[in-house]
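Visitor: I have a model open in my viewer and would like to learn how to read it. Could you walk me through it feature by feature?

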Amino acid sequence: MGPRWKRKGAEAKALADPMSKIVSDLRTSLMLSNSQGILSGRSVLLGADAAQTELLSRACFGQPIITAEKDIQWFELSMEEGFYLCYSLRCIKIVGEDKRVKDEQQVWKYMTSKWVAFPVFFKAYSHLRMKNWVVRSGSQYGVDFVAYRHHPSLVHSEYAVLVLSKESGDANGRLRVWSDFHCTLRLCGSVAKTLLAINIDSAGKGVTSPSCLDSYEVEERTVTRWTPEECRENQIVVENRTK
Amino acid sequence: MEVEDWASSTGGTSDSEISVQDSNDGEHCHISGDIPKLQYRSIKSKARWNDELGLAEIVEKKGRMWTTTGIVRGGNIYCSLEETLFLAQEGALQLSDDDNLCLTLEEIYKMVGQRKYGGCWESFQVYRHMKSLGYIVGRHDLPWTIKRVKSDPNSLEGIPEANLMKNRGQEDANSMIELLNSLRINNLRPVFDVYPPNSKFKKSSPGNPSYVLCLLSDHPPSNPEIEDLERHCNGVPLKFCHVDHGRVSYFSFDKVELHILP
């Protein structure tokens, strides 16, 4: 399944506006204003000026929070998004519940304590983001993430992503029984997405610090249905052509 | 881009469900009058079941399916249990036992249930489905033929059929028994080599299979299991089969690398 662009000119628009540049501009803007995110539960709250608001929207980070405040637009970032801006892009600092800025190690400790599977999920998220895919929550489709080739206003997401981990015997316990397997695959098919299983091997490196992530191995596999009926027809056609 | 615009086009909510006409949809419920019957054939091949080998030896060949069915050993064709049952179900093969008594379909079904001969009901379902689509299907790692050097003292020329098994130096027979017995039922194993429909198929040089089919039972395959099989199959694409209530589903777990986007 290739990319499904949402309207005429969408593909051209995406090509003219590469995601890598949008993210790079966002990074620069946040660094220049010494932006700080606020840790709250499993979210990071980030205040943005007008330019940053536009960049955050174009790069698809976070959900806008509707408030009456005029000068600052508040965004709610997921842990993966917050940590990506803080650790991978190094463009925001994060402030804890004690109102003090936390270093990366402290943020990591906080996040891993809130969510045991955070390391593998973050690894999968950052793996795709670093390739300039737009990665959003997949809960509407019963998966972990959905991945878009560019902004969701331009293109439908191509991949429904599940994060599987070798070490903890598959972190989220998905695709372990047939009913779940069939269910997930059917749902993905009905919304025209390919199921992508991202297998993370933490190679025994543990979770003590974010630098462990560098040693994690990532393998991508698509899970698709095969129809021998169609396949055979294609092969017969090929044979006939070469006669 | 305005926040409002962006919020309304948040990924996901605008993805409409595409209703895919599911060709397998609906229950597999038949009204008794509707159940089709295969046409009775008056021309049947004949075979004798060899219990020690776990194979049927073809005694009388009729029809053109023999270029793509059965393994050749010493000038004779031997069929696995699934090949035998497939042909018997079609009415194209008459199977008898060592005492030349005709084996009924019921008796052959029971043989499948015994799981002694390297197959099982589920693997038969896979075989049957693929064959009915026209594919050429052989047991994984069981060669279609074994080439022999002419000066080989164990050469079969001039050896009467009755002594065939013994005079083969036992190694051939043993290796076949070993292979069949080694196909133990566990969660995941390669079962069939599949070739595309081909009227010019030659058992003496079949080439590489298009796919190796692996049969799954308890649970979907884990990543380590998939990797083990890929190593074993050396580059031949794998397809994974799951049989459930008479329905065979096939899956691929292809390694990919999403492109780095601009």
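Guide: Gladly! Let us begin with surface: accessible areas come from the Shrake-Rupley method with a 1.4 Å probe. Please keep in mind that this is a predicted model.

Visitor: How much accessible surface does chain B have, and what share belongs to carbon and sulfur atoms?

Guide: For chain B the accessible surface is about 14400 Å², and carbon and sulfur atoms hold 49% of that. For chain A the figure is about 11100 Å², with 52% belonging to carbon and sulfur atoms.

Visitor: What share of the residues in each chain counts as buried?

Guide: The cut-off to remember is that buried means under 20% relative accessible area. In chain A, 53% of the 243 residues count as buried. In chain B, 46% of the 262 residues do.

Visitor: What about the overall build of each chain?

Guide: Start by counting elements. Chain A has eight helices and 11 strands, and chain B has seven helices and 10 strands. The C-alpha atoms of chain A fill a box of roughly 75 × 45 × 30 Å along the principal axes. Then look at how far along the sequence the contacts reach. Taking contacts in chain A between residues at least 6 apart in sequence, 60% join residues at least 24 apart. In chain B, residues 24 or more positions apart account for 63% of the contacts with a separation of 6 or more.

Visitor: Which domains does UniProt place on these chains?

Guide: An unreviewed UniProt entry places "domain: tRNA intron endonuclease N-terminal" at residues 36-103 of chain A. Over that stretch, chain A is 29% helix and 37% strand, and the end C-alpha atoms are 12 Å apart. For chain B, an unreviewed UniProt entry places "domain: tRNA-splicing endonuclease subunit Sen54 N-terminal" at residues 39-95. There the chain is 18% helix and 39% strand, with 18 Å between the end C-alpha atoms.

Visitor: How should I read a single helix?

Guide: A handy idea is that an α-helix has 3.6 residues a turn, so residues three or four places apart point the same way.

Visitor: Is Ser43(A) buried or exposed?

Guide: Ser43(A) has a relative accessible area of 14%, so it counts as buried. This serine lies in strand E2 of chain A. Leaving out residues up to four places away in sequence, Ser43(A) touches Ile38(A), Glu76(A) and Leu77(A). With Glu76(A) there is a polar contact between the side chains, at 3.1 Å.

Visitor: And is Asn234(B) buried or exposed?

Guide: Asn234(B) has a relative accessible area of 71%, so it is exposed. Asn234(B) sits in the loop between helix H7 (223-233) and strand E9 (238-244) of chain B.

Visitor: Which residues other than glycine have a positive phi?

Guide: Two to visit are Ala203(A), with phi near 50°, and Arg115(B), with phi of about 60°. Ala203(A) is in the loop between strand E10 (194-201) and strand E11 (217-226) of chain A. Arg115(B) is in the loop between helix H3 (105-114) and helix H4 (121-132) of chain B. Ala203(A) is partly exposed at 39% relative accessibility, and Arg115(B) is partly exposed with a relative accessible area of 39%.

Visitor: How do I find empty space inside?

Guide: Rolling a probe the size of a water molecule over the atoms shows where empty space is left. This structure holds four cavities of 30 Å³ or more, and the largest cavity has about 80 Å³ of space.

Visitor: Which residues line the largest cavity?

Guide: The lining has 13 residues, and those nearest the centre are Ile71(B), Glu83(B), Gly138(B), Arg139(B) and Leu142(B). Helix H2 (81-90) and strand E6 (136-139) of chain B each supply at least two lining residues. E6(B) gives the most, with three residues.

How values were computed: Residues are numbered from 1 along each chain as its sequence is written. Chains are lettered from A and ligands numbered from 1 in the order in which they are written. This is a predicted model: local features need pLDDT of at least 70, side-chain atom pairs count only at pLDDT 80 or more; totals for chains, interfaces and linings use all residues. Side-chain values use heavy atoms; hydrogens and water are left out. UniProt positions are given in the numbering used here, feature names are shortened, and annotations may be inferred rather than shown by experiment. Helices (H or I, at least four residues) and strands (E, at least two) are DSSP runs, numbered from the N terminus. Buried means under 20% relative accessible area, exposed over 50%, partly exposed in between (1.4 Å probe, protein chains only). Contact means heavy atoms within 4.5 Å. On a 1 Å grid over the protein atoms alone, a cavity is a set of points where a 1.4 Å probe fits but cannot get out, and a pocket is an open set with protein on both sides within 12 Å along at least five of seven lines; lining residues have an atom within 4 Å of a point. Grid points are joined across faces, edges and corners, and a volume is the space filled by probe spheres set on the points. A polar contact is a pair of N or O atoms within 3.5 Å; within protein, one must be able to donate a hydrogen and the other to accept it, and residues adjacent in sequence count only if both atoms are side-chain atoms.
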